[in-house]
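Please open the structure in your viewer and keep the selection panel at hand. The stops below are meant to be taken in order.

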Amino acid sequence: MTLTSFSRKQFQGLFLQSLKASVWIPLFLFAEKIFNTFSHSANDFSINEIGFFWNWEFSVLIPDLGPFLTIPLGALTALILFNFTWSKKQSNVIFSFGMTRTEIYFAKVLAGLVPFVGLMILAAGLEVFACAAVGYKITARYLIGALFIFLKTIMPFILSFCISSAVMSNAGSLIEGSIFSIMTAFSSVALKTFFMKLFDRYTLGAGALGFHEKTTPEWNWSTPFLDNSTVIFDTYYDLGEAAPYFSIYSTEKISLYDWSGIITAIVYSVIAIVLGSIAFNKRRNEITGTFGRARGLNEICAVIAGIALFPFFNTSFYYGEGTVGEFIVCVLLFCVAYLVFKLIFGHKRRQELVKSLKRLPFYACGLTAAFLIFYFGALGYSSYIPPVSEIELVTVQSPMLAYLDDPIAAKADFGLKEQNIRDKIALERMEDYSLYERLFGSVYNGTYDYLDEYEYTTDYIYAAVTAVFSDTDEINQAIDIHRSIIADGHISGTEKDACGTSFVIKYQLKDGTEIIRSYFRTTEETAKKMLSLNNTTGLDNNMNRYFGSYYSADDRNDYLYESFSENVNKSSNVSYSECLLFPTDMSRGFDIGIISEEFFHILMSDILEQSADEHYHHTAEDEIGILAFNLSTAHGYFSEENLKLSETLGAGYATTSWNLNATDTKAIVVTKDMKNTIRYLQDNNLLQYFEKSRTADDISHVKLATMGELYGKKLKHLNIPVFYGAYSIRQTQAEVHYFEKIEEKTENKAEIQALLDKAVVFGYCSNDSQIMEITYNDGVVATMMIPAS
Amino acid sequence: MIKVSNITKTFDEFTAIDNLSLEVSNSSIYGLVGYNGAGKTTLLKTIAGVYVPDSGTVEMDGIDLFKHPEKKQELFYVPDDLYFGLSSSMKSMAKYYKSFYPNFCMDTFHKLAGLFGLDINKKIMGFSKGMQRQAEMVLGLSTLPKAILLDESFDGLDPAKRNLTKKLLLDYMADKECSILISSHNLHELADMCDHIALMNGKNIAIDCAVDDMNGSRCKFRLAYTDNIDSNIFKGIEYKNYKADGKIVSFTVSKNLDEAERIIAATNPVLIERFPLSLEEIFLEEMEDTDYDFDKLFS
């Protein structure tokens, strides 16, 4: 026998020796699968109404923890097989064999993989057999589904094993190998989060998209341990009583994106093995048994530690656009994390720290380079606008389109038709908008979006008010605004002409793809341009959808429930029940009960006719009164009791007070141009409820301030330059803290009256407009706005 | 034959072996002597492939061991730190090694185990240190290697087993014409069995020659004169360890012994005595760099 031919025997010998040491792990997993197969197939014989393939709900032996079991077992297998690398005694023997290091490495790797995969295939085969035995038809569809679940089950083990093998075989000790394996395993998550944060926070146009549920499927390249498929394995409830647990028999297809986690895991496993083998060939055995001497691994993990910490702090406590200052702090934090890691894990710490300090400038430059790429447009992302010829539809969402106002969260006692209104003042609500933004990571147009409450994130393209343009001229109008925003570039919140309005634009192309860009801030000049979109049919059409059809009380309950699970646009399409009338001094409100269909359509027609100027730039004289609409309940659940109560009493009801800003109430300021509405109110003797009852004589003093004077640095968190007036009783004045810093006040009645004559309760609030806080003699506080001339 | 050419091995900034070369012929037992930390184990591990050198080559029968590691199937390395599986017996270790050494002979294994009186079914971890070394020696020789590397392999053996091991190695070497490289700090041990000795002094080999040649390569002169003399009269002789005790002078010479004797004769001593140096004396002479003043050490 030649030496070369005997090498095969050596390889086989090492493989078998190694397999003996670790085979108990795959045997354990195999036993668990077999036991479960027999358990639930026995169950199925008697019930015979459910299908299965490794259904975890039927695990009997131990709860099938899925990847939470297989991932650590994969790592343990690698630990057992490669523990010789940490032992000088074992290294002396194994490395003196007449085998190449590559042969040694792959003999160990195969010893870990072959028995596991082989036994799992056997277990899968038995599962299929059991399924057939209880009477299910083994179709091609079933087999594909079974293959999918099979791979989803085994890949976490394989990936964990491959990464751990590559790391542990090149580490100096068990502790080092274990810690570095975990860090390497999560490196893809760290990298993705790192780039995602850079993209989201520093790329103009990325906005807060990263926080939102993607409407288009995404390739799973960062979390291959966990399958993010949205496929088919619906719950029992969704499929009806007699449906199988796993809708392997359903007609839904497993898409390539569903397979992406598995494919990524396979690719990463191969990469890990190849890189591990290369490193193993170069391994310096003098690191054996010594913590901290695996220089290459140490360096890689130190960088991972820094990168993992970077996005954690880069999220900071704000959403929205990041600042250069924040980035610099994050780079410093990266350096600290990197050095601390070296201090803890480095061999000959002092020397290692000195070397590490010399490397830091390179890493800082790398991070800065990445930052600059994103900051200056992400290689064309920020400036890209598709050609008009390729565009099918353009959807725009912005608070500047917020036609319906929400000045007042009405709190009313049951049984009262006239009610005192208590509310937070508009400015606080403005901060609440920002608070809402923080909580839910999305931008609001000032109206309530039910979906956010329950799904936590939402694609806010589908928020209550959007404009959809299909007409070429209107598309060009939207594009013109988009170009203007791009030209504005990055805007600091403290810049004089900064306008805290968000803007989201979605291009739906003819080939089916979508391009979305979102912005947190524009200049005032651009914001004013956005107002022109209010004159478009695109918005008017959506207003129709927003108000939608008039639904009867009977329809509403079912409709509201439906709206959660179907086309979210429909959630805008909700009718209103109680209608409250307020004068513009907001001194009282009158509940006229559920509005009639006739009034509904009259109001709609006036709203659609109204121009942007009439809506946003009217004067105090133009304002007639306020119509506010309460939805039936706070959260879209329309209980029969509430409906009954409101119909009987015609009264309001308490809205939930946790809704700090956008509440159930939608309100409209009735202006002089809304002639049909005014006529209706007149004919029905309702105009009387718009009569003001307060004058300057009822006012103790007023204070005036611009948004900048009130908000200071917080101005950058405002997302709407639209003012909503409010009215509040004294005890809530504790919340009115913005005006506390304004010392100057006006007490002269004539001056106060002059201001009242110019004040509006709603309108476009430029940086030069003044907010007026009115303190009444009885302690009640209200706010109005003096528009800039 | 094992040929080591210009091997350099460093550990971070520390150079353990610097451009070292040596050759172990067939049918030869090559002794490697050096103080603790001289680099003996590093050299043996490098030859065995446990360490990868920074530069240099190791050839066995003309084949580069780093490029063709399969050749190591004919080489067995007995390290200082022995490894056996936790519950392994000699029998199970024999099966283990059989997978990796094509020439492993179970007959030889049984015979050698019997010779050493070792129970092949008993757990090796239950053996004494000396017995474990014997077990490793048995397993190593059972692979019928063409080259053996032994690192402090006599450590822990009783005199009887030491002699037995020496005899086995000598017989094996003669029978199989194998190359044996053995390291030790025990000169006496090596002097008995090695035909070639190398002294490692730090990063390289200080002396490398046949044992027979070494004995004759240095000598000590002891001279007697009628009067006290000055060391200048020995100008032209490279001597060491010069001592003068009145009219009696002694020193060692390691080069040009005959020329040195001629120069000495020319100084007309009353008495010339010439003694060969023992290996230990040669070793000490090479290893000592300074004269320690022990008087001041504890004052």
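The tour goes from aromatic pairs to charges over rings, then to backbone angles and cysteines.

This is a predicted model, in which local features need pLDDT of at least 70 and side-chain atom pairs count only at pLDDT 80 or more, while totals for chains, interfaces and linings use all residues. Residues are numbered from 1 along each chain as its sequence is written, chains are lettered from A and ligands numbered from 1 in the order in which they are written, and side-chain values use heavy atoms, with hydrogens and water left out.

**Aromatic pairs.** Over all chains, a search of the whole structure finds 42 aromatic pairs, where rings of Phe, Tyr and Trp (its six-membered ring) pair if their centres lie within 6.5 Å, and planes under 30 degrees apart count as stacked, over 60 as edge-to-face and the rest as tilted. Select F84(A) and F280(A), an edge-to-face pair at 6.4 Å centre to centre with 85 degrees between the planes. F84(A) lies in the loop between α3 (67-82) and α4 (88-94) of chain A and F280(A) in helix α10 (residues 256-281) of chain A, so the pair ties together parts that are 196 residues apart in sequence; helices here are DSSP runs (H or I, at least four residues), as are strands (E, at least two), numbered from the N terminus. F84(A) is buried, with a relative accessible area of 1%, and F280(A) is buried at 0%; buried means under 20% relative accessible area, exposed over 50%, and partly exposed in between (1.4 Å probe, protein chains only).

Next select Y202(A) and F327(A), whose rings are edge-to-face at 6.0 Å centre to centre, with 85 degrees between the planes. Y202(A) belongs to helix α8 (residues 187-202) and F327(A) to helix α12 (residues 324-345), both of chain A and 125 residues apart.

**Charges over rings.** Move to R517(A), whose charged end sits over the ring of Y381(A), 3.5 Å from its centre; the rule asks for NZ of Lys or CZ of Arg within 6 Å of the ring centre and within 35 degrees of the ring normal.

**Backbone angles.** Most residues other than glycine have a negative phi. In strand β2 (residues 14-24) of chain B, N19(B) likewise has a phi near 55 degrees.

**Cysteines.** Finish with C162(A), buried at a relative accessible area of 2%, and C194(B), buried at 6%.
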